[in-house]
Amino acid sequence: MHKKTYFLFLIALLFLVFSPGVLAEENKINVTYIAFSPSDALELASQKNLYNEFIEYTYIPAYNFTTYCASDELLAAGKSGFLETQDVIFCQMLDKSVYASMDENFKAASDNGTSLMAIQSSDTPSYFAYDSNGSVDDPICNYYNNISTEGGGLENAEDLLIYLVTEGRVRGLFTSFNKSVVKVEDYQIYDEKLLTLFQPDNP
């Protein structure tokens, strides 16, 4: 895993810790995986990665295997507002039959600050932050295409989960602040308490 990605993840955690009114048990980054079938590798990675106590991982089946439209579980997650509580939603193998029935809910989640990402999907809505056919040479595709439940494959699953959290959320986590700005790597941090930790002249 790239050191920068872990660094950005730690920044995200610091934001959660320092956020006013946030209780310790609420210091979670919520990640939902919506796919044709569950991923044993991602499930295990959510339990084994270095920051598992800060990541709440959920799997929701994408399809109703009778109608091949959105599953009852996914429809319920949209109707209840659950999707809007997620920080990152990572979709795999979705198509128009699911997107059509979930468009309003996905759009509401996006408008609420959820980062929506899709891989190996078709007809993905334009408001998704990331959309790939799965063959692109980028970290998400490279990690995802090489995940498994052991060895290097499990490390890739852990790295993918951390990458999704950081790349999907770090930029959005700080946009609600209107105070002094300090630049960390390529990211802007607006919180005064975090500014004391990440001054530009610090090593």
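Helices (H or I, at least four residues) and strands (E, at least two) are taken here as DSSP runs, numbered from the N terminus. Residues are numbered from 1 along each chain as its sequence is written. The model is a predicted one, in which local features need pLDDT of at least 70 and side-chain atom pairs count only at pLDDT 80 or more, while totals for chains, interfaces and linings use all residues, and side-chain values use heavy atoms, with hydrogens and water left out.

## The chain as a whole

The chain holds 7 helices and 7 strands, and their order along the sequence is α-β-α-β-α-β-α-β-β-α-α-β-β-α. Of its 203 residues, 47% are buried, where buried means under 20% relative accessible area, exposed means over 50%, and partly exposed covers what lies in between (1.4 Å probe, protein chains only). Taking contact to mean heavy atoms within 4.5 Å, residues 24 or more positions apart supply 63% of the chain's contacts with a separation of 6 or more. The chain exposes about 10200 Å², of which carbon and sulfur atoms supply 49%; accessible areas come from the Shrake-Rupley method with a 1.4 Å probe, and for residues only the protein chains shown count as cover.

## Helices α3 and α4

Helix α3 (residues 72–80) and helix α4 (residues 96–111) have axes that come within 9 Å and cross at roughly 15°, the axes being lines fitted to C-alpha atoms, for helices over the stretch in contact, with angles running from 0 to 180 degrees between N-to-C directions. Angles under 35 degrees count as roughly parallel (over 145 as roughly antiparallel, 65 to 115 as roughly perpendicular, and the rest as oblique), and α3 and α4 are therefore roughly parallel to each other. On the α3 side the contact is made by Leu 74, Leu 75, Gly 78 and Lys 79, and on the α4 side by Val 98, Ser 101, Met 102 and Asn 105.

Ser 101, which is found in helix α4, is partly exposed because its relative accessible area is 34%. Leaving aside neighbours within four places in sequence, Ser 101 is in contact with Ala 70 and Leu 75. Ser 101 and Ala 70 are 31 residues apart in sequence, yet 6.7 Å apart in space, C-alpha to C-alpha.

## Side chains that reach the backbone

| Side chain | Backbone atom | Distance |
|---|---|---|
| Asp 138 | nitrogen of Ile 140 | 3.3 Å |
| Asp 138 | nitrogen of Cys 141 | 2.8 Å |
| Ser 121 | nitrogen of Leu 94 | 3.0 Å |
| Ser 121 | oxygen of Ile 119 | 3.0 Å |
| Ser 101 | oxygen of Val 98 | 3.1 Å |

Asp 138 lies in the loop between β5 (130–132) and α5 (139–144), and it counts as buried because its relative accessibility is 16%. Helix α5 also holds Tyr 143, a residue that is buried, with a relative accessible area of 10%. Tyr 143 and Leu 160 are 17 residues apart in sequence and 5.5 Å apart in space, C-alpha to C-alpha.

Ser 121 has its place in the loop between β4 (115–119) and β5, and its relative accessible area of 15% is why it is buried. Leaving aside neighbours within four places in sequence, Ser 121 is in contact with Cys 91, Gln 92, Met 93, Leu 94, Tyr 99 and Ser 132.

Most residues other than glycine have a negative phi. Met 93, one of the contacts of Ser 121, has a positive phi, near 65°. Met 93 lies in the loop between β3 (88–92) and α4 and is partly exposed, with a relative accessible area of 43%. Tyr 68 likewise has a positive phi, near 60°; Tyr 68 is found in the loop between β2 (55–61) and α3, and its relative accessible area of 45% makes it partly exposed.

Key
A polar contact is a pair of N or O atoms within 3.5 Å; within protein, one must be able to donate a hydrogen and the other to accept it, and residues adjacent in sequence count only if both atoms are side-chain atoms.
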